[in-house]
Amino acid sequence: MRLPSTVLSQDDSGVGVKNGVNAFGVKNLAGAFAPPWAVVADLDFLDSLPPRERISGMAEAVKVALIRDAAFFGWIEDNARALAAFRPGPVETLVRRSAELHLNHIGGAGDPFEFGSARPLDFGHWAAHKLESLSGNHLRHGEAVAIGMAIDTRCSVELGLLAETAAARVMRLLEALGFSLWHPALEAPRRVIEGLEEFRVHLGGRLTVTLLEDIGRGREVGALPAAVVERAIAWLERAQCP
């Protein structure tokens with residue numbers, strides 16, 4: 001039985017089957033697949049979290065909305081101010097719906113133990129894992145995922161998959177929730193791009209990255225050119241300038 005005690009574990013990792021720990025500077029290097037008998041997500045646990053941890057966990061809800069549920073994404077947009085203020089009602093809705101979407105994918109997509117190479121629930125994560133390492137774990141996982149989603153959203157635009165207007169909605173929502181979409185680790189884009197090779201190894205040898213075709217609809221690609229990632233990071237850097 002699991003008793004997840006953070007926003008991130010209640011709306012994402014606590015309902016999954018993976019159990020992992022970081023080792024030797026690599027994210028989730030060691031671990032096991034162990035489906036829980038039950039998960040008890042008690043929202044009272046969240047009252048003890050510092051603001052940074054509360055916001056961090058919301059990134060995973062945005063992620064699953066972006067690849068699975070456009071209506072949920074729109075709801076998060078409409079309630080961004082209340083969520084950033086951590087009002088109990090909206091937070092409960094966010095946690096519950098995000099957990100449902102994650103559980104539905106894990107239980108219904110036909111690959112709960114991740115034998116395949118497609119991992120749509122890892123949208124934004126190839127860069128996130130590398131950024132966590134490059135920042136010396138200064139970046140919380142959700143904070144790194146927010147930046148990773150911004151990178152992959154912009155890559156989707158650069159590849160002609162996603163409209164600029166849709167990408168702008170993603171960036172606005174992440175910032176409205178309280179995420180920064182820039183970190184000094186991005187100043188070395190080539191180091192960040194090394195995360196693609198590490199992610200390929202993590203996937204078992206064949207790279208599959210989820211990008212966006214629209215809000216609520218992901219698309220899997222087998223390659224992500226370094227030049228595209230560099231342009232996306234450069235765009236994020238320019239976006240920080242007033």
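1. Is lysine 130 buried or exposed? In this predicted model, lysine 130 counts as buried, with a relative accessibility of 6%, because the cut-off for burial is under 20% relative accessible area.

2. The partner of lysine 130 in a salt bridge is glutamate 194, with 3.5 Å between the closest N and O atoms. Lysine 130 belongs to helix α7 (residues 125–134) and glutamate 194 to helix α10 (residues 189–202), so the pair ties together parts that are 64 residues apart in sequence. Glutamate 194 is partly exposed, at 37% relative accessible area.

3. Helix α10 also holds arginine 200 and glutamate 197, three residues apart and thus separated by about one helical turn. Their side chains form a salt bridge at 2.5 Å, N to O. Arginine 200 is partly exposed at 28%, as is glutamate 197 at 42%. A network of salt bridges with shared partners joins Lys130, Arg191, Glu194 and Glu198.

4. In helix α8 (residues 141–158), arginine 154 and glutamate 158 are four residues apart, or about one helical turn. Their salt bridge has an N to O distance of 3.5 Å. Arginine 154 is buried at 7% relative accessibility, whereas glutamate 158 is partly exposed at 27%. In total, the structure holds 17 salt bridges.

5. Regarding the overall fold, the protein chain has 11 helices and four strands. Buried residues make up 49% of the chain.

Terms used: Residues are numbered from 1 along each chain as its sequence is written. This is a predicted model: local features need pLDDT of at least 70, side-chain atom pairs count only at pLDDT 80 or more; totals for chains, interfaces and linings use all residues. Side-chain values use heavy atoms; hydrogens and water are left out. Helices (H or I, at least four residues) and strands (E, at least two) are DSSP runs, numbered from the N terminus. Buried means under 20% relative accessible area, exposed over 50%, partly exposed in between (1.4 Å probe, protein chains only). A salt bridge is a side-chain nitrogen of Lys or Arg within 4 Å of a carboxyl oxygen of Asp or Glu.
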